[in-house]
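Biologist: Could you walk me through the pockets and the ligand site here? I'd like to hear what stands behind each term.

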Amino acid sequence: MPIATVNPATGETLKTYDALSPEDVERKLALAAATFDTYRTTTFFDRARLLEQAADLLDADTPDIARVMTTEMGKPVAAARAEAAKCARTMRWYAQNAARLLADEYPADEDVRDSGAARALVRYRPLGVVLAVMPWNFPLWQVVRFAAPALMAGNVGLLKHASNVPQTALYLEDLLRRAAFPEGCFQTLLVGSDAVEGILRDDRVAAATLTGSEPAGRSVAAIAGDEVKKTVLELGGSDPYVVMPSADVDKAARTAVTARVQNNGQSCIAAKRFIVHEDVFEEFRDAFADGMRALRVGDPLDEATDVGPLASEQGRKDLEELVDEAVESGATVLCGGQRPKDFKDGWFYEPTVLADITPEMRIHREETFGPVATLYRVADLDAAIAVANDTPFGLSSNLWTGDDDDIERFVRDSGAGGVFVNGMTASHPALPFGGAKRSGYGRELSDHGIKEFCNITTVWIAG
Ligand code: NAP
């Protein structure tokens, strides 16, 4: 895949980059390792000051970097600004909380007395150089939610970003440099995915995190496993959105539209499968389809646009194939189901709702990475949970209900790493984020996220 900015709204190639040479990669690896040697001895106070500076710079840069993101991957520009603001908030949250999250832990005296210790404690020390392989869909956020905790823990980062967002990738390196992080704390590697194996196998790289597709995750995990290196994987999702009769159905339908089309439908935690109790099925279906039909598709730099283009021509082709196969197999198109007629250029696709989905259809089992929703009618909560869990993925899940028993039941039985009730799934710096099943393993954000790339060190001092 060429390393280039190609505007998805027009198909125009705006900027291309040469991949780094093996010698360049070697220089960056050496710098990362040398930097870690000293950076790991800095204090939480020192690191927090740098990260707060980065947050301030990002706030000031937001209008500009938002336009760059939109031009590289097509998200509506207001959403790009919101993404930058969330990154700054998360930087500040880790700057202010990392010392507390990683404070030494002292087991109770009575628990360790028979170990012979006068004193025993657990210390969270950094692991070293961490390779981050990241996707284009939230090109700032995916990186910051790794980098902010990793840098606060004393690690250093190497970023291999998706090949279609090179300007955002270079911006991140520049931002952290301007914030006065030592040279080598955070470096962008403009390389193709074929270079990942060599970098990951290098002895100077301690661990890796990958956010992206299942094939990419499987490859990185296999190589890291062979090298016995820690990994965190954040992969795809096909989140269920269950609506019960006791729910506020109108609010559920309005929220469903946002939950499905956020980021032009290209979010791992977008609700993708809408599973509705038969008593409120027609009411929800009509309100949801009306909401999807009313969305304004258009130029993502236009503030009035709700849904921009898909990020790549291939992404639109993959989505079209899933929809076409479902329709040929009997799915009913309630709205959309095709490219919008008004756009000759760019990779646009109409917000789409499909009903009458059967388990044999590919769309039932695969992730729809674009503004396409599938609708299921069920008789009760048991049936809803069965459909919700009938997927290889397990990232998050949503339930709409007014009944506390439904909530308990869903929390007990959902196969996902998140359960969001009467609202849509969203990440938050203080809450863990991650999946089960083929959605990956490990957690980002909160105390769980910052501890993933720590050497959890037992300190035992004899009595
Ligand atoms: P992708 O094709 O897997 O790319 C993600 C990153 O992995 C890119 O940097 C890519 O580099 C690299 N890559 C691709 N194949 C690789 C391989 N064999 N070895 C090493 N690196 C490889 O995914 P995408 O299409 O950009 O992103 C969409 C997917 O990400 C969706 O499935 C979505 O659900 C998932 N996602 C998950 C989360 C989460 O938190 N769980 C968040 C966002 C997205 P190149 O660009 O150079 O190919």
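**Ligand and pockets**

Modeller: Let's start at the ligand: one of its oxygen atoms sits 2.7 Å from an N or O atom in the side chain of W136. This is a predicted model, where local features need pLDDT of at least 70 and side-chain atom pairs count only at pLDDT 80 or more, while totals for chains, interfaces and linings use all residues. Residues are numbered from 1 along each chain as its sequence is written, and side-chain values use heavy atoms, with hydrogens and water left out.

Biologist: How much of the ligand's accessible area does the protein cover?

Modeller: On its own the ligand has 900 Å² of accessible area, and the protein covers 85% of that. The areas come from the Shrake-Rupley method with a 1.4 Å probe.

Biologist: What is the volume of the largest pocket?

Modeller: About 1,200 Å³. A pocket is an open set of points on a 1 Å grid over the protein atoms alone, where a 1.4 Å probe fits, with protein on both sides within 12 Å along at least five of seven lines; lining residues have an atom within 4 Å of a point. The volume is the space filled by probe spheres set on the points.

Biologist: Why is the largest pocket said to lie between domains?

Modeller: Domain 1 (3-235 + 439-462) and domain 2 (239-428) both give residues to the lining of the largest pocket, so it lies between them. The bounds come from an automatic or database domain assignment.

Biologist: Which helix gives the most to the lining of the largest pocket?

Modeller: Helix 8, with six residues. Helices here are DSSP runs of H or I, at least four residues, numbered from the N terminus.

Biologist: And why is the second largest pocket placed between the domains?

Modeller: Domain 1 and domain 2 both contribute to the lining of the second largest pocket, so it lies between them. Its volume is about 570 Å³, and helix 3 gives the most to its lining, with seven residues.

Definitions and conventions. Helix = DSSP H or I, 4+ residues; strand = E, 2+ residues; numbered from the N terminus. Polar contact = N/O pair within 3.5 Å; in protein donor to acceptor, adjacent residues only side chain to side chain.
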